[in-house]
Amino acid sequence: MLFFRNEKVEVPSVRSQANTSKLFAQVIFKAEKHILELWERGDKFIPKEGFECPNSLSFDKSTGRGFYQCQPHFWQCYWSGGVKKSPEIKIEVFGQTYHIEALPNFAPISEYSAENRFYELVDGENFRNGLKVDLSVKEFPNKKWSVVLIDSCRDTFLPERIYGHGQTPSSREEDFIWDNFDRKIFIDKWYVSNQQINDWFLKINQGHRVIKNKSLWANPAELSLEEQHLYCKSLGKRLLSSHLFDAASMTPINLSDPLNPKVLRPQTPWQRDISKTFLGMARKNSDYQLTPLDCMLAQVEGCADKLFYSDSVSWMGMNYPLGFYPESLVNEFEPKLNLKRSSKFLPAASLSHELGKREYWNGTQPEVTSVAFRCYEEVSE
Amino acid sequence: MNFIFILVLSITSLFAADFEHWVNASQVVDKHEFYKENEVVSVPKDTNQILFAVIFLNTTQELRKDCIIYKVPGEELGILKLKNIRANDNCKDYLFQKGDREWTDLRSLQYSLADNFISISMTQKNYEILRFDIPQIKKFTKLDPKMNISSAEYRAPKIIFNYLDSNVIRLKDGQACQKVKEDCSIEGTSQCESCENGWFEVPNGCNVGPKYCGYLSCGKRNGPACRRGYRYQLQEKKFHCTEDSSFAYCAKGLKVQCQGALAYCI
């Protein structure tokens with residue numbers, strides 16, 4: 001019996017090991033907020049001078065911070081030590097500090113670099129393109145936990161209300177209104193980027209089409225109309241429709257009155273009457289000089305190239321409603337009017353810079369003025 | 001000294017197989033009224049006590065319940081029993097039955113249901129300690145969609161702690177993923193979220209129309225009409241295609257034609 005008792009002295013060490021496992025899980029749970037911040041708000045971690053990640057991502061001041069949010073390549077860059085020398089996340093649990101790291105446990109993607117990846121894109125029952133990552137805690141060697149981070153930055157909800165389509169109608173009969181009550185519609189905040197279609201190319205075994213020049217990754221993807229449809233479909237989404245684009249870009253008069261059937265059609269996202277905006281002024285005055293603020297609202301000819309800046313955001317969170325790039329849209333009413341032509345390729349005085357105005361696009365990418373696109377989806381319940 | 005450890009760390013590899021599924025527990029129920037967290041369960045001796053029960057979805061998406069029953073040591077050593085039953089059944093009815101899994105010859109047992117963990121620690125006859133710590137993943141509750149919420153976070157938690165590598169089965173194009181009768185009653189639940197390439201709806205004047213996997217652009221000739229909604233008219237009325245097809249629309253130059261309650265364009 002005494003022998004047993006002597007042996008039982010070791011019992012606390014058993015418990016401490018058991019508790020170590022529990023503590024490891026507790027540390028990971030506690031780190032949730034910090035991990036999410038790094039993933040969703042990666043831009044907050046970028047120092048003023050930028051970062052150095054020649055093997056994963058290039059830093060460019062003309063690319064806004066939105067590009068680094070839910071950005072797999074930024075995750076790769078951060079954990080490779082390109083943003084700061086010690087990327088570990090410090091967490092305090094029960095008065096002690098623990099150091100969390102992501103592990104480079106995933107196979108390299110040769111189209112990007114020969115280095116192991118800190119993530120892998122995976123699909124699940126209720127998500128697509130999730131970022132699978134292996135987390136470890138320095139203080140608990142040989143333990144890891146695989147988690148998946150979902151892409152919560154891509155799209156945004158279109159509130160349920162009555163909307164209009166097209167420009168101000170000339171008669172009541174032509175006033176087309178519709179509603180999305182009981183529908184859960186989500187619209188991409190940005191154009192689909194080269195970086196995003198690279199992942200698609202890899203998925204459909206067309207690695208040779210991957211755009212390797214990292215400085216082009218934030219640019220809108222240049223796909224034919226047919227491939228734009230295919231890309232969106234591959235994510236269970238659809239190419240954006242013109243009536244959804246109008247709903248997302250035309251600010252309602254009264255946000256708190258979703259059942260108001262009087263739907264005005266503002267000419268710009270930020271001002272109902274275009275004549276009071278820089279676009280209207282430019283129409284009247286051929287010598288109009290663009291200001292930096294003008295270019296933030298709508299990038300037109302003469303503005304510096306800037307993408308993923310949220311200065312142009314619409315009332316519900318969609319960027320680039322006017323200016324920037326021509327955008328491909330499905331028009332269910334007039335299928336041939338499938339292009340928002342307002343873009344940085346047209347001078348500020350162009351009459352195309354107006355919400356609800358659309359023209360025809362034949363579906364092939366022009367040589368000079370590339371046509372951007374974005375997707376939307378409706379969640380079925 | 002050979003201690004046996006079955007510790008819960010990684011969802012995929014380090015779980016005790018007997019309890020692995022508890023990570024996805026939806027509820028812990030039937031908690032014992034008197035036993036306290038981490039205190040040795042020692043009375044009433046030689047009786048069978050339900051410590052707690054865990055409700056979870058099994059691999060075939062059936063709601064099941066694991067009853068955790070402990071025969072408190074007294075004249076004989078203790079036994080911990082795990083009895084898997086239907087979620088609606090009562091653990092009490094299985095109190096004296098053999099467990100689906102049993103740990104016998106136990107000198108003592110402590111358990112805890114606190115701090116997002118289910119922990120059980122058993123001292124065996126030879127004084128070896130067997131301990132399980134099963135983390136409880138926060139349950140995902142769907143939020144009402146509001147401004148700035150993304151589709152991803154509407155569907156799933158932002159961080160998934162219990163991801164298991166598995167082939168996701170998606171429905172092929174053309175399959176019906178939501179069936180709706182002419183009287184607007186819905187058959188079963190929507191499977192459309194599992195469609196490989198999204199889904200489309202054929203509007204029928206109901207809040208929800210029948211849906212199919214795949215992509216078929218609405219509003220075109222000989223295709224389904226587009227859904228226009230039903231509240232924009234601000235009228236309390238029932239729509240039926242043959243009487244009032246204003247819940248749907250077609251491209252300019254085409255008309256809505258009804259096939260039963262379903263709206264198509266010609």
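Which domains does the domain assignment give for chain A? There's domain 1, covering 19-149, and domain 2, covering 154-381. Keep in mind as you look around that this is a predicted model.

Let's start with how the domains sit relative to each other. Their C-alpha centres are 32 Å apart. Where they touch, domain 1 of chain A brings 16 residues to the contact and domain 2 of chain A brings 20 residues. On the domain 1 side, you'll find five nonpolar, seven polar and four charged residues.

Now zoom in on helix α4 of chain A, residues 72-79. This helix is mostly covered, with eight of its eight residues buried. Walk along α4(A) and you'll pass A:Pro72, A:His73, A:Phe74, A:Trp75, A:Gln76, A:Cys77, A:Tyr78 and A:Trp79, which are buried. What do they pack against? In chain A, their partners are the helices α3 (32-40) and α5 (194-203), along with the strands β2 (96-102), β3 (120-124) and β4 (127-137). After α4(A) comes A:Gly81, which has a positive phi, near 90 degrees.

Next, hop over to helix α6 of chain A, residues 225-234. Here the buried residues are A:Gln228, A:His229, A:Tyr231 and A:Cys232. Look down the axis of α6(A) and these buried residues fall within an arc of 165 degrees, so they line one face of the helix. The elements of chain A that cover them include α5, β10 (238-239), β11 (327-328) and β13 (375-379). So what follows α6(A)? You'll meet A:Gly236, and its phi is positive, near 75 degrees.

Key. Residues are numbered from 1 along each chain as its sequence is written. Chains are lettered from A and ligands numbered from 1 in the order in which they are written. This is a predicted model: local features need pLDDT of at least 70, side-chain atom pairs count only at pLDDT 80 or more; totals for chains, interfaces and linings use all residues. A residue is buried if 20 or more other C-beta atoms lie within 10 Å of its own, exposed if 12 or fewer, and partly exposed in between; C-beta atoms are placed from the backbone. Helices (H or I, at least four residues) and strands (E, at least two) are DSSP runs, numbered from the N terminus. Two residues are in contact if their C-beta atoms, placed from the backbone, lie within 7 Å. Domain bounds come from an automatic or database domain assignment. Ala, Val, Leu, Ile, Met, Phe, Trp, Tyr, Cys and Pro count as nonpolar, Asp, Glu, Lys and Arg as charged, and the others, Gly among them, as polar. The arc is that of the directions from the helix axis to the C-beta atoms.
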